[in-house]
Amino acid sequence: MTTAAPPKRLFADRVYGIGTEAAFALGGLIAQVEAEGERVIRCNLGQPDFPLPQHIKDAVKRAIDDGLTTYCDPQGIPELRASVARSLSQKHGLDIDPSRVVIYPDGRPPIGFAHMAYSDADEEVIYPSPGYPLFESFIPLFRCIPVPAILREDDGCGLTREVLAPLLSDKTGLIFLNFPSNPTGGVATREQLKDLSELILEKTTSNVRVYSDESYEAITFDGDEHISIASMPGMEARTIIASGCSKTYPWTGGRVGWAVYPTRLEAQAARRLAINYFASIPLYNQWGAIEAIESPLSAPAIKEMVDAFQRRRDVVVSGLNAIAGVTRILRIPQRGRSAECHGRFRRVRQTPS
Ligand SMILES: Cc1ncc(COP(=O)(O)O)c(C=O)c1O
């Protein structure tokens with residue numbers, strides 16, 4: 001007697017494995033609680049509660065009025081790629097050609113594309129934990145092996161050589177890093193990045209890529225400096241630098257982000273995926289992004305937002321420190337770098353507001 005084959009399932013196998021960002025799921029619940037008259041302070045999404053600055057709004061409106069509402073270069077318009085290349089080269093001391101830049105609907109698609117492009121089935125994908133969920137949630141879709149790099153409070157939630165070293169092997173397909181970090185806010189010091197890059201260059205072959213998610217590059221506190229691992233010797237050729245407009249300008253609804261690839265060949269591969277998935281990013285928003293990057297009005301708007309975030313951070317941290325049993329954080333700035341030392345029963349150093 002033959003047994004009947006199980007009926008075909010609705011979805012392909014891979015769909016049942018894919019995870020997602022729970023932060024969005026909370027949105028409905030929050031709306032429900034608000035509808036009942038409660039006031040909610042939203043901490044579910046990394047969405048700055050500051051408006052898009054006027055000069056960026058004006059640039060978008062001008063572009064729409066000029067009829068810039070069509071398809072355009074799937075890699076991103078040359079003017080925006082040139083702005084991104086120039087500003088990141090200047091900021092990190094790199095030499096980025098615009099042909100290595102791809103413009104995306106902000107920070108999520110380049111994460112998925114990196115999984116798709118760089119890690120074969122059964123290869124290992126290293127990602128920070130705790131970390132932004134998308135680094136991990138794509139892993140089952142591509143049948144790769146998750147290798148969490150546990151961020152320890154004792155290391156200031158930065159990633160150290162000691163933690164990364166045992167995770168690297170000849171099965172490593174892709175390494176995700178995220179500084180400033182979601183959710184910890186940890187910022188890697190220059191020395192940590194130097195250590196990590198030396199380790200990566202020593203222990204992996206030249207085709208292993210580091211995906212450096214720098215979405216929160218503008219949001220650092222206590223005078224911390226954002227440094228890209230791509231600026232460490234030998235790392236520009238190994239690193240994909242990704243960031244965008246969402247958190248910096250603040251413009252989560254604009255959906256304009258970018259990734260800088262180590263080579264033109266890799267940017268071309270990403271361009272092909274972009275054509276297949278979304279064809280191009282709204283032209284008018286790309287002109288808004290150029291204004292955001294180039295205008296001298298952006299820096300003071302960003303400063304006002306980050307200063308407000310720092311004041312709020314200080315209030316929340318001191319409140320947390322007042323709760324018995326909650327671990328406290330002591331920050332000890334040192335000459336030329338900032339070091340963090342975390343320990344129980346210590347007081348956080350307050351920044352004057
Ligand atoms: C670390 C990190 N990367 C990427 C993103 C994606 O955001 P967006 O697509 O708006 O750039 C987020 C969103 O919160 C994030 O926290």
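**Helix packing and core of a predicted model**

Student: This model is predicted. How many residues does helix α12 have, and what does α12 reach from its first C-alpha to its last?

Tutor: Helix α12 covers residues 298–321. At 1.5 Å a residue, 34 Å is expected, and the computed reach is close to that. The values are 24 residues and 34 Å.

Student: Which residues are buried in α12?

Tutor: A residue is buried if 20 or more other C-beta atoms lie within 10 Å of its own. In α12, that applies to A301, I302, M305 and V317.

Student: What should the 15 residues of helix α4 span?

Tutor: Helix α4 runs over residues 78–92. The expectation uses 1.5 Å a residue.

Student: Which residue follows α4, and what is its phi?

Tutor: The residue after α4 is G93. The phi of G93 is positive, near 65°.

Student: At what angle do the axes of α5 and α10 cross?

Tutor: Helix α5 spans residues 109–118, and helix α10 spans residues 264–277. Their axes come within 11 Å. α5 passes α10 in a right-handed crossing. The angle is roughly 120°.

Student: How many nonpolar, polar and charged residues does the contact of α5 with α10 have?

Tutor: From α5 come P109, F113, M116 and A117; from α10 come A269, A270, L273 and Y277. By class, this contact has no polar and no charged residues, and its nonpolar count is 8.

Student: In the largest nonpolar core, which residues touch the most other members?

Tutor: In soluble globular proteins, nonpolar side chains tend to be buried together. Here the largest core holds 71 residues. Its largest share, 7 residues, comes from helix α11 (residues 283–294). The residues touching the most other members are V102, A259 and V260.

Student: Which residues does A259 touch, not counting residues up to four places away in sequence?

Tutor: A259 belongs to that core. Beyond four places in sequence, A259 touches V102, Y104, P110, I240, I241, A242 and A270.

Student: Is A279 buried or exposed?

Tutor: A279 sits in the loop between α10 and α11. Despite a 203-residue separation along the chain, the C-alpha atoms of A279 and G76 are 9.9 Å apart. A279 also touches Y71 and P74, not counting residues up to four places away in sequence. Because A279 has 10 other C-beta atoms within 10 Å, A279 is exposed.

Methods. Residues are numbered from 1 along each chain as its sequence is written. This is a predicted model: local features need pLDDT of at least 70, side-chain atom pairs count only at pLDDT 80 or more; totals for chains, interfaces and linings use all residues. Axes are lines fitted to C-alpha atoms, for helices over the stretch in contact, and angles run from 0 to 180 degrees between N-to-C directions. Helices (H or I, at least four residues) and strands (E, at least two) are DSSP runs, numbered from the N terminus. A crossing is left-handed if the near helix is turned anticlockwise from the far one by less than a right angle, and right-handed if clockwise. Two residues are in contact if their C-beta atoms, placed from the backbone, lie within 7 Å. Ala, Val, Leu, Ile, Met, Phe, Trp, Tyr, Cys and Pro count as nonpolar, Asp, Glu, Lys and Arg as charged, and the others, Gly among them, as polar. A nonpolar core is a set of buried Ala, Val, Leu, Ile, Met, Phe, Trp, Tyr and Cys residues joined through C-beta atoms within 7 Å. A residue is buried if 20 or more other C-beta atoms lie within 10 Å of its own, exposed if 12 or fewer, and partly exposed in between; C-beta atoms are placed from the backbone. The expected span of a helix is 1.5 Å times one less than its number of residues.
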